[in-house]
Amino acid sequence: MLLPSEIETKTLIPALRAILAKKLIEEHKIREEEVSKLLGVTQAAISNYVRGTRGDPVLINKLLSVKEVADMLNDIANNLASKMAYTPASLSKFIGLCNYIKSSLLICDIHHKLESNIDEAVCKECENMLLKGPGNSSF
């Protein structure tokens with residue numbers, strides 16, 4: 001069984017980075033080398049994100065289809081492209097986006113695509129925890 005944090009690191013964060021890399025390069029005309037510094041990954045990773053060989057394309061499309069997520073990603077990209085790139089506000093916005101994806105249960109859709117045999121009782125308990133916040137489990 002995958003934990004929500006494992007789903008974030010294995011699929012969600014690479015998809016978010018792919019979206020941000022493309023936005024920064026295509027819309028803000030920032031070079032791959034600079035984007036790699038902004039996102040904290042190698043230039044080769046950025047190249048893979050832009051070519052679509054890294055970051056799940058189905059997940060990327062799903063994330064971009066959710067207005068709130070797309071708006072938050074645009075805001076983060078604009079922040080990163082400005083003089084606010086290395087401020088706590090940029091990090092806070094990225095964390096807020098990940099928290100939104102968890103609290104809106106979008107992360108559950110991702111999880112069900114990764115693991116099809118999730119026990120329903122565990123699934124419901126995880127959903128309750130995501131909706132109520134940590135420390136509210138009935139296990």
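**Exercise 1.** At roughly what angle do the axes of H1 and H7 cross?

*Solution.* Before starting, note that this is a predicted model, where local features need pLDDT of at least 70, side-chain atom pairs count only at pLDDT 80 or more, and totals for chains, interfaces and linings use all residues. Residues are numbered from 1 along each chain as its sequence is written, and side-chain values use heavy atoms, leaving out hydrogens and water.

Step 1: find the helices, which are DSSP runs of H or I with at least four residues, numbered from the N terminus. H1 covers residues 4-27, and H7 covers residues 106-114.

Step 2: take the axes, lines fitted to C-alpha atoms over the stretch in contact, with angles from 0 to 180 degrees between N-to-C directions. The two axes come within 10 Å and cross at roughly 80 degrees.

Step 3: H1 is therefore roughly perpendicular to H7 (65 to 115 degrees).

**Exercise 2.** Which residues of H1 meet H7?

*Solution.* On the H1 side you will find Pro4, Ile7, Glu8, Thr11 and Leu12, and they meet Ile107, Ile110, His111 and Leu114 of H7.

**Exercise 3.** Is lysine 23 buried or exposed?

*Solution.* Step 1: locate lysine 23 in helix H1.

Step 1: lysine 23 has 12% relative accessibility, so it counts as buried (under 20% relative accessible area, with a 1.4 Å probe and protein chains only).

Step 2: look at its surroundings. Beyond neighbours within four places in sequence, lysine 23 is in contact with His28, Leu73, Asn74 and Ala77.

Conventions:
Helix = DSSP H or I, 4+ residues; strand = E, 2+ residues; numbered from the N terminus. Buried < 20%, exposed > 50% of the residue type's maximum accessible area, 1.4 Å probe, protein only. Contact = heavy atoms within 4.5 Å. Parallel < 35°, antiparallel > 145°, perpendicular 65-115°, else oblique.
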